[in-house]
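Please look at the structure below before reading on.

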Amino acid sequence: MSNSNTTAPPGGITKQQLLAHAGAESQRLINQTTQTENKGLFLLRTATQWMDEARNEPETQMLFGEFWHQGELCILFADTNLGKSILAVQIGDSISRGEAIKPLKLQTHPQQIVYLDFELTKKQFQHRYQNAFNEPYEWSPLFSRAEIEPDNEAPNGKYSFEEYLNHSLEKAVEETQTRILIIDNLTYLRNETEKAKDALPLMKHLKQMKNKYNLSILALAHTPKRDPSRPITRNDLQGSKMLMNFCDSAFSIGESQKDKSLRYLKQIKQRNTEEIYGDENVCLFQINKPGSFLKFDFLDYSQEWQHLRQPTDEDRDKLNTKVEALYKEGKSIRETAALLEVSRAKVERILKPIKQ
């Protein structure tokens, strides 16, 4: 009986020879890859080499529980007057002191943070962080705040305002040697973040800064006026597509329609963790000022649907009209559901009597 490993096929090459050739070719490619790692913009290595390198790096640490990790460009977005700045300052204060905002974890020691405040004047900031007797809050020396100095204009003809702003941003990072940057808010860095062509250079610049200086960046952003009867999604972020594609993580603040004094936090995007705080498990807070510090106080975990406005008959009639109009235009159920940000099942239920 002939051995199948040694019997030559019609071409005259045995199976062993084929395997040996394949092995030699694979080894040649591995050696070539190892020897030539730089490919212009790319750093090319084998998957095993990347795994070995990653194994020697520390795990990413939590800065604000599962919502924001070290090394991430994270976006916090919400409608106006829901407390974005209050929460962002509280997160910065927490990191500068090394004290967690319970029950969320903080896994780093006290760190220098730079808070870029394009929202409040220094007087407004003072009033927010002092008590009824005008006694100020005692900040950690590691908490630095910056605001725009209106007299410091860009050198004539040398930079645009945005270029000079970016240059000043990098200078602040270099001088303080901070690794934590909070930007309040994105719309100041670019005039119209809702347009993809304007959002793209903004996010590219922040990503470049993050990699160049090993930064963790929390950037605040607005949502356009949204329907409070719908769950918060990534589509609610102003300029959502481009901003969401470029960030590492994102979370949002929602206002409870059951009790307007309550706020809830919801994860929208995450890379370094699984979704912990989604539709079925949001973090419920109340804004309080015990003494001189305005802050979010944790109350409980909850489900988002409990805090949404319940749709009225008028809302349902409007939705039915929109679904019918799109159906007559020839839109599919999937397209209609995406355009109106509702489930396909809901679209099917509305269209069922029409199709009969």
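A pocket is an open set of points on a 1 Å grid over the protein atoms alone, where a 1.4 Å probe fits and protein lies on both sides within 12 Å along at least five of seven lines. Its volume is the space filled by probe spheres set on the points, which are joined across faces, edges and corners. This is a predicted model, in which local features need pLDDT of at least 70 and side-chain atom pairs pLDDT 80 or more, while totals for chains, interfaces and linings use all residues. Residues are numbered from 1 along each chain as its sequence is written, and side-chain values use heavy atoms, without hydrogens and water.

The largest pocket holds about 660 Å³ of space. Its lining (residues with an atom within 4 Å of a point) has 19 residues, and D227, S229, R230, L319 and V342 lie nearest the centre. Helices here are DSSP runs of H or I, at least four residues, numbered from the N terminus. Two elements, α9 (313-328) and α11 (344-355), each give two or more residues to this lining; α9 gives the most, with 6.

In α10 (residues 333-340), T336, A337 and L340 are buried (under 20% relative accessible area; exposed is over 50%, with a 1.4 Å probe and protein chains only). Seen down the helix axis, these buried residues fall within an arc of 100°, so they line one face of α10; the arc is taken from the directions from the axis to the C-beta atoms. The face turned away carries the exposed A338 and L339.
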